[in-house]
Structures are given as C-alpha cells and as structure tokens.
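Please read it with the coordinates open.

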Amino acid sequence: MGDQFLWVIFPYICIVIFILGHIYRYRTDKFHWSAKSSEFIEKKQLMVGSLLFHLGIIPVILGHISGLGIPKSWLHAFGVSDHLYHIGAVYIGGFFGFITLLGMIILTFRRYSIKSVRRLSTTSDLIVNALLLFIVFMGMYATVVTNVTNPSFDYRDTISVWFRDLFLLRPDPSYMMGVPLSFKIHALTGFAIFAFWPFTRLVHVWSVPLSYAGRSYILYRKHKVN
C-alpha cells in the first residue's frame, strides 16, 4: 500500500495540483504572476548565481526529457549505444548538473544569509530555494555517486518506464522496487516541487516575454525645440 501511494497516488496528486493550481493562480492572482526582484538589495551574488543556474538547468531539463521520455530501443535504432548514452548522461549531465548546483548554492546562501533579502522573501520563497537545492543535490549524487557505486543499474529500464506509464494511465509501482534510494528521493522531491509550483514565485517561468523577439523596434526621434 505504501508503494502504491508513493509511486502512483502521490505523483498523480502532484500533477493535478500543478494543473489546477496554475488555473486558480492565474484566475485569482495573475497580476502577481512574477518574481519579486531583490536586485536593488544585492546584485553580485544574484547575477552570478542566477546565470549559473539558468545556464545549467536548461540542459539538465532537456537531459531529463530525453532520459525519461525516450525509450532505450528508440535510441538504439538511431545508433546511440548504452555506453555512449551513459557517457553523455554521466559526464555531460554531470557537468551541467554541477553548474546548476553551484548556482543554487549561491542563490540559496544569498537568500538565507543576507538579512534584507531574507526579510523580503516569503515563506514559500525560502521553502522553494531549499527544496530546489536539495533536488539538484540529490540528482547530482545519483548521477555521480550512485552510478559509480552501482554501475549495473540503468534507470531507463525502471524509472523511465514507470514515468512514461504514469502518463499512459497504466502506472506500475513494481518498476521502482529495486531503484536505489538516491534516485527514489530525487523522483519524489521532483514531483513535490511541481505541487508547490503554482503557489510560489516559480510561476514567473511562464512569463518569459517571447513576444519581444518578433516585436517591431521602437523608434526614438529627437524633439527639436524652436
């Protein structure tokens, strides 16, 4: 029953909260759909930490999408062997994971250690920072340590199948029974952050001004005074 809750019920609860929470947040609080800036309080750590985090998190997300969403057999069909994939996942994924982790350490240290920034932060800000740092740390631990100490484990035969089956509405918790603890913690906390997402500053991700790329330039002309 515990496994059924952890690997079937809990993920679905998080997904439902993620979807309905965003709808509720947008309908009731769309004018605060952004992150409060604390740049005027402290700029240097924010700039370095934010740059490292965003440079690292995009490749990390793409790696998660390919690793969890693309079946191993499909990669084999395109000539990507298990050894080649393992090198990419451990070394390339580990590199960008380290950049993400370093960025999160800087951002979390800044939020907790600088009194003015901490006072400006809400409780959800503090929780999200700590939770994101923990998730990234566990991901790095699973990638670097667990993959070295347990080289026979291939998450594409277990976690990936379980993850895809969730969205195919045929969840099977048995795939997660033999998964190392670090991967389990990383997966559960990953779903937990999705449940927190609609009620935190993370919603600013959806406010990226993509329309600016296709917008016409604004022309400025000097005003001549007669």
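The points below run from the overall fold to single residues.

1. **Basis.** This is a predicted model, in which local features need pLDDT of at least 70 and side-chain atom pairs count only at pLDDT 80 or more, while totals for chains, interfaces and linings use all residues. Residues are numbered from 1 along each chain as its sequence is written, and side-chain values use heavy atoms, with hydrogens and water left out.

2. **Fold.** The protein has eight helices and zero strands. Its pattern along the sequence is α-α-α-α-α-α-α-α. Helices (H or I, at least four residues) and strands (E, at least two) are DSSP runs, numbered from the N terminus.

3. **Burial and surface.** Of the 226 residues, 38% count as buried. Buried means under 20% relative accessible area, exposed means over 50%, and partly exposed lies in between (1.4 Å probe, protein chains only). The protein exposes about 14600 Å², and carbon and sulfur atoms supply 70% of that area. The areas come from the Shrake-Rupley method with a 1.4 Å probe; for residues, only the protein chains shown count as cover.

4. **Contact range.** Take the contacts between residues at least 6 apart in sequence: 80% of them join residues at least 24 apart. Contact here means heavy atoms within 4.5 Å.

5. **Helix 2.** This helix covers residues 44–69, 26 residues in total. From first C-alpha to last it reaches 37 Å, close to the 38 Å expected at 1.5 Å a residue. The expected span is 1.5 Å times one less than the number of residues. Which residues of helix 2 are buried? They are Gly49, Phe53, Gly56, Ile57, Val60, Gly67 and Leu68. An α-helix has 3.6 residues a turn, so residues three or four places apart point the same way. The buried residues of helix 2 pack against helix 4 (82–113) and helix 7 (159–167).

6. Gly49 lies in helix 2 and is buried, with a relative accessible area of 0%. Leaving aside neighbours within four places in sequence, Gly49 is in contact with Gly103, Ile106 and Leu107. The C-alpha atoms of Gly49 and Arg110 are separated by 8.9 Å, although the two are 61 residues apart along the chain. Ser66 is also placed in helix 2, but it is partly exposed at 25%. Ser66 and Ser160 are 94 residues apart in sequence, with their C-alpha atoms 9.7 Å apart in space.

7. **Aromatic rings.** The structure holds 13 aromatic pairs. One of them joins Phe5 and Phe10: the ring centres are 6.3 Å apart and the planes sit at 45°, so the pair is tilted. Rings of Phe, Tyr and Trp (its six-membered ring) pair if their centres lie within 6.5 Å; planes under 30 degrees apart count as stacked, over 60 as edge-to-face and the rest as tilted. Phe5 is partly exposed at 37% relative accessibility. Trp7, Trp162, Phe163, Phe167 and Phe191 form one aromatic cluster.

8. **Charge over a ring.** Arg156 lies over the face of Tyr85, at 3.9 Å from the ring centre. The test is that NZ of Lys or CZ of Arg is within 6 Å of the ring centre and within 35 degrees of the ring normal.

9. **Leu169.** Check this backbone. Most residues other than glycine have a negative phi, and most peptide bonds are trans. Leu169 has a positive phi of about 60° although it is not a glycine. The residue is in the loop between helix 7 and helix 8. Is Leu169 buried or exposed? At 68% relative accessibility, Leu169 counts as exposed.

10. **After helix 8.** Thr200 lies in the segment after helix 8 (181–196) and is buried at 3% relative accessibility. The Thr200 side chain reaches the backbone oxygen of Trp197 at 3.1 Å. Beyond neighbours within four places in sequence, Thr200 is in contact with Arg25, Ser124 and Val128. Arg201 is placed in the segment after helix 8 and counts as buried at 16%. Its side chain makes a polar contact with the side chain of Asp125 (2.8 Å). A polar contact is a pair of N or O atoms within 3.5 Å; within protein, one must be able to donate a hydrogen and the other to accept it, and residues adjacent in sequence count only if both atoms are side-chain atoms.

11. **Ile127.** Ile127 is in helix 6 (residues 123–149) and is partly exposed at 38%. Neighbours within four places aside, Ile127 is in contact with Tyr112 and Phe196.
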